[in-house]
Amino acid sequence: MSDTPQPVRGTRDLIGAEQRGFAHVVDTARRVASTYGFDEWMTPIFEETRVFARSLGETSDVVAKEMYTFADRGGDSLTLRPEGTAAICRALVTNGLTQSLPQRVFYAGPMFRYERPQKGRYRQFHQIGAELIGPPEPLADAEAIALARDILAALGIAGETTLELNTLGDAESRAAWRTALVGYFNDFRDRLSEDSRLRLERNPLRILDSKAPEDRALLADAPLIGASLSDAAQAFWDGLRRGLDRFGVQYVHNPRIVRGLDYYVNTAFEFTTDRLGAQGTVLAGGRYDGLVAQMGGPAVPAIGWAGGIERLAMLAGEPPAIAATVSVIPVGEAAEAAAIGVLQALRGAGLRAEMGYRGNLKRRMERANRIEATHAVIIGEDELERGVARVRDLRGGEQQDLALNSVAAHLAAR
């Protein structure tokens with residue numbers, strides 16, 4: 001083992017272009033979400049374990065295999081958040097906001113799951129998400145999905161993704177579907193994975209989301225929800241598709257989408273791409289009408305989604321370039337005070353500006369070229385006496401003398 005510390009497996013440092021790519025995704029999503037009336041919330045990165053164990057379902061892979069759970073010094077069981085929705089619902093109840101609905105919530109931050117690292121997937125990963133809490137109408141689901149589509153469009157990747165849509169039905173529909181699934185999978189009990197034999201007794205819908213090859217071989221002929229939909233669930237499904245048409249959101253029906261968490265009802269959807277190999281889902285979500293009640297609040301309907309920032313950044317390609325830099329170069333100690341005044345004036349005008357701490361004029365100019373500065377502002381003894389700075393355009397080579405107090409305004413106008 002090397003004596004030099006390394007990032008823990010499944011984590012990584014974000015520096016330079018990668019960090020700018022992340023920031024571009026978050027800033028873009030935040031801006032678009034704001035136009036939809038969403039406010040940003042920030043919740044702790046760890047919660048009481050019951051927040052997730054109760055909401056995600058004890059038979060889910062996340063709870064059974066992937067959560068980072070630990071006892072703190074007081075003996076309480078805590079978990080690093082594996083997803084954002086449960087924490088948002090907990091915050092809604094904790095802060096007494098269930099009487100102030102609807103709430104339109106945007107969030108961004110790190111999540112944690114112990115799973116095999118692979119392309120675009122890490123043990124510490126990052127998500128943007130949106131939750132529309134309160135409205136029971138299918139039009140709310142359509143608007144939440146339209147927000148996701150518009151964020152993808154603003155990132156320039158909407159044309160490289162496909163919205164896949166399904167219904168999971170209401171409680172009545174799911175009960176009928178569960179009965180049909182149990183009957184079907186019971187005929188193949190000996191061929192199911194060990195995990196799915198347990199799921200068959202506790203939550204057979206979970207088998208539909210299994211990654212085990214022996215389970216997946218049985219899914220093609222498994223009963224679909226469509227045959228079990230109640231009249232109310234069918235009406236909601238029809239209303240959702242009608243709403244998406246009105247928002248101009250294109251979709252395809254994928255009856256095999258079930259999502260991996262227990263709290264979803266009715267709407268389930270995924271935006272997928274073929275550019276990331278087998279891990280093609282970049283943003284997904286659905287309706288979860290019972291989750292707030294599980295957190296100790298009243299029965300509150302809600303729709304939400306989350307998108308992986310890693311994958312979105314990969315799809316978005318090159319991040320925006322660093323803003324142009326102005327290099328301020330004092331020649332001699334006497335010029336340093338005036339140079340700092342110009343430096344701060346440039347920053348006050350919103351320009352990226354820096355000043356080296358040492359070196360002669362030649363070395364400082366080399367530094368300016370190395371950081372690809374657009375201009376050099378040079379202040380030597382002669383300039384200081386005249387109250388000016390020599391401003392050199394490092395791309396075109398032109399230069400001119402400007403009064404010290406006018407340099408910032410001149411370059412900002414450029």
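**Salt bridges and the sheet**

Arg30 is partly exposed, with 33% relative accessibility; this class lies between buried (under 20% relative accessible area) and exposed (over 50%), using a 1.4 Å probe and protein chains only. The model is predicted: local features need pLDDT of at least 70, side-chain atom pairs count only at pLDDT 80 or more, and totals for chains, interfaces and linings use all residues. Residues are numbered from 1 along each chain as its sequence is written, and side-chain values use heavy atoms, leaving out hydrogens and water.

Arg30 forms a salt bridge with Asp27, at 3.2 Å from N to O; the term requires a side-chain nitrogen of Lys or Arg within 4 Å of a carboxyl oxygen of Asp or Glu. The two residues lie three apart in helix α1 (residues 17-35), and are therefore separated by about one helical turn. Helices (H or I, at least four residues) and strands (E, at least two) are DSSP runs, numbered from the N terminus. Asp27 is also partly exposed, at 43%. By this rule, the count of salt bridges is 18.

Another of these pairs joins Glu354 and Arg367, with the closest N and O atoms 2.9 Å apart. This pair links distant parts of the chain, since Glu354 belongs to strand β13 (residues 352-355) and Arg367 to helix α13 (residues 361-370), 13 residues apart. Through shared partners, salt bridges also join Asp27, Arg30 and Glu40 into one network.

The open sheet has eight strands in the order β1-β5-β6-β11-β10-β9-β7-β8, with mixed pairing; two strands pair if DSSP finds at least two bridges between them. At its edges are β1 (39-40) and β8 (252-253), each pairing on one side only.
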